[in-house]
Amino acid sequence: MRRLAQSLAAVREVVRQPALRRAEVAFGAAWTGECAFTVGLGVIAFRDGGAAAVGLVSLLRMLPPALASPSLTALADRMRRERLLAAVSAIHATAVAGAAGVLALGGPAVGVYALAVLATMAFILFRPVHSALLPTLCATVPQLTSANVARGLLDGLGALLGPGVAGIVLAVSDATAIFGITAALSLIAAAVLLGIRSDARAVHTPRRSLLHETAEGIRAVVANPDLRLVVGLGGAQTFVRGALSVLTVVVAFELLATGDSGVGALSASVGAGGVVGSLGVSLLVGSRHLGAWLAVALVVWGAPIALIGVVPTEALALAMLALVGLGNALIDVPLYTLPARLAEDAVLARVFGVFESLVALCVGLGAIVAPALIGLVGVRGALAVVGLILPSFALTTWRRLVALDRRLVVRDEELAVLRHTAMLGLLPVPTIEHLASRLRKRRLPARTTVFEEGDRGDAFYVVAEGRAEVVGDGVVVRTLGPGDAFGEIALLYDLPRTATVRAGTDLTVFELGRDTFLAAVTGYRTTTDAAYAAAASHLANYRPPGLTI
């Protein structure tokens, strides 16, 4: 009950914050439209050429975005992310409206597919930039987890409402109307996003070539084993998702004989399961076992697919796909929370861009492999093979995911100390996570000197345990306790130390190197202001004779 109360409180906090609320509403509108668009396009492709055409169109939609996403998301690390999202939503709306126009005028199918590729490229950019925006709007890891839980709920609602509306529309009209609805929802998302004002990064962000910045994002993923693992598992899950997008259409038409509306119903059942699952997933807020939950989610995502072919009835298919939706709600929380804890904010959009690039590629590959698999082992055999992929990955990576959880638990203790420090407590989640990963813990006996007045300033300190004394002209001018920080004056103004600091009792401090501290604190306007305000307050308490700033 305590965990439930905490999770509900955290989700309420998301709703209460205007910027977070707008970001979530924009995602819900955009994703609902994209889900409806996918159903409409799938039906068009199936009527053009069957399962092979559905797979080919899916691959062609995903391949260009997969190649372009890492470079395009570098823009989100250069500019305000909410503005880029608004622009992307407008482009998506324009492309989908164009496809609706081609359909309405009886134009060639290739024109519809070309505009679908452009729309998909825009939406593939939407998700990683949105994933990078959320952490900058959150002050704590539980709040970020709550934001991702809320987005998971909207993901499920979108996956329910989008295909559901598409199915109803297809029963009375055609895909043109679906595309019109999608375009309208994307315009709503753009309008909502224009109302967000985030604390833009940086004051001191060097600009390099787009190619160089793209490579930085790829290196950030490749060089970090934990991040590489999480991203890789996300790729495996989306390969299965791509295969399922084809299998859903084929199951509806060939295994269950439910036709167009059956495609919408099966797709909507995934969304229904996602909605129900999201309510339970809120219990993950504050969990220290997101890695283990990722493994569980892989099993829940894959195993039901294998069971659909055992007794192919519409009731079983709907129930199993609802379980897949539950797994989808569960998997989104670790897949989008863990990278924000493992990557720096400076490259976070590019890291999510690499992730979405892999997602797009794997969705396309899954979609193109599914028809070939159906040809080899039949629809029921393909369901079994595809369904067993993710449980296999869960089994082989379980120990690594549990070990990741243990490492992050240790970091949580350090984060708690940093969050109580005035200037550091204002930092967004990815940045303060980066600081926690760079901390050096030092234990000093009572009366030990941390640094002397006149020493070169090369580090910033936060008191974790004990008491420190600031000494000026031989007099204790200030006493510091847990959560208090010192050493910032020399770093901010590039000066020698302005006072001596020594351990008043046995003392434990966290030490941050000069460059790490400056890059984090001066990278945001609010923290820059807070750091200089703290320095001014300390200098008002004691200023060495002759010091001018």
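A salt bridge is taken here as a side-chain nitrogen of Lys or Arg lying within 4 Å of a carboxyl oxygen of Asp or Glu. The legends that follow describe close-up views of a predicted model, in which 7 salt bridges are counted by this rule.

**View 1. Glu 511 and Arg 442 are joined by a salt bridge between two strands.** The side chains of Glu 511 and Arg 442 meet with a nitrogen-to-oxygen distance of 3.0 Å. Because Glu 511 belongs to strand β8 (residues 507–513) and Arg 442 to strand β1 (residues 440–444), the pair ties together parts that are 69 residues apart in sequence. Glu 511 counts as buried, its relative accessibility being 14%, and Arg 442 likewise counts as buried at 18%. The view also takes in Arg 440, which is linked with Arg 442 and Glu 511 in a network of salt bridges.

**View 2. A salt bridge connects Glu 469 with Arg 447.** The nitrogen-to-oxygen distance between these two side chains is 3.6 Å. Glu 469 is placed in strand β4 (residues 468–472) and Arg 447 in the loop between β1 and β2, and the pair links distant parts of the chain, 22 residues apart. With a relative accessible area of 11%, Glu 469 is buried.

**View 3. Glu 82 forms a salt bridge with Arg 80.** The closest N and O atoms of Glu 82 and Arg 80 are 2.8 Å apart. Glu 82 has a relative accessible area of 1% and is therefore buried, since that term is applied to values under 20%.

**View 4. The side chains of His 538 and Glu 488 are joined by a polar contact.** The contact between His 538 and Glu 488 has a length of 2.6 Å. His 538 is located in helix α16, which covers residues 525–541, and this histidine counts as buried because its relative accessibility is 18%.

**View 5. Asp 473 and Asp 494 each have a positive phi.** Most residues other than glycine have a negative phi. In Asp 473, by contrast, the phi angle is near 55°, and in Asp 494 the phi angle is also near 55°. Asp 494 occupies the loop between α14 (488–493) and β7 (500–503), and with a relative accessible area of 57% this residue is exposed.

View 6. Leu 63, which lies in helix α2, counts as partly exposed at 34% relative accessibility.

**View 7. Helix α13 is largely enclosed by the rest of the structure.** Of the 9 residues in this helix (residues 429–437), 8 are buried, and so the helix is described as largely enclosed. The buried residues of α13 are Val 429, Pro 430, Thr 431, Ile 432, Glu 433, His 434, Leu 435 and Ala 436.

**View 8. Val 172 and Asp 506 are separated by 77 Å.** This separation is taken between the C-alpha atoms of the two residues, which are 334 residues apart along the chain. Val 172 lies in helix α5, which spans residues 141–172, and with a relative accessible area of 70% this valine is exposed.

Technical notes. Residues numbered from 1 in each chain as written. Predicted model: local features only at pLDDT ≥ 70, side-chain atom pairs only at ≥ 80, totals over all residues. Heavy atoms only, no water. Helix = DSSP H or I, 4+ residues; strand = E, 2+ residues; numbered from the N terminus. Buried < 20%, exposed > 50% of the residue type's maximum accessible area, 1.4 Å probe, protein only. Polar contact = N/O pair within 3.5 Å; in protein donor to acceptor, adjacent residues only side chain to side chain.
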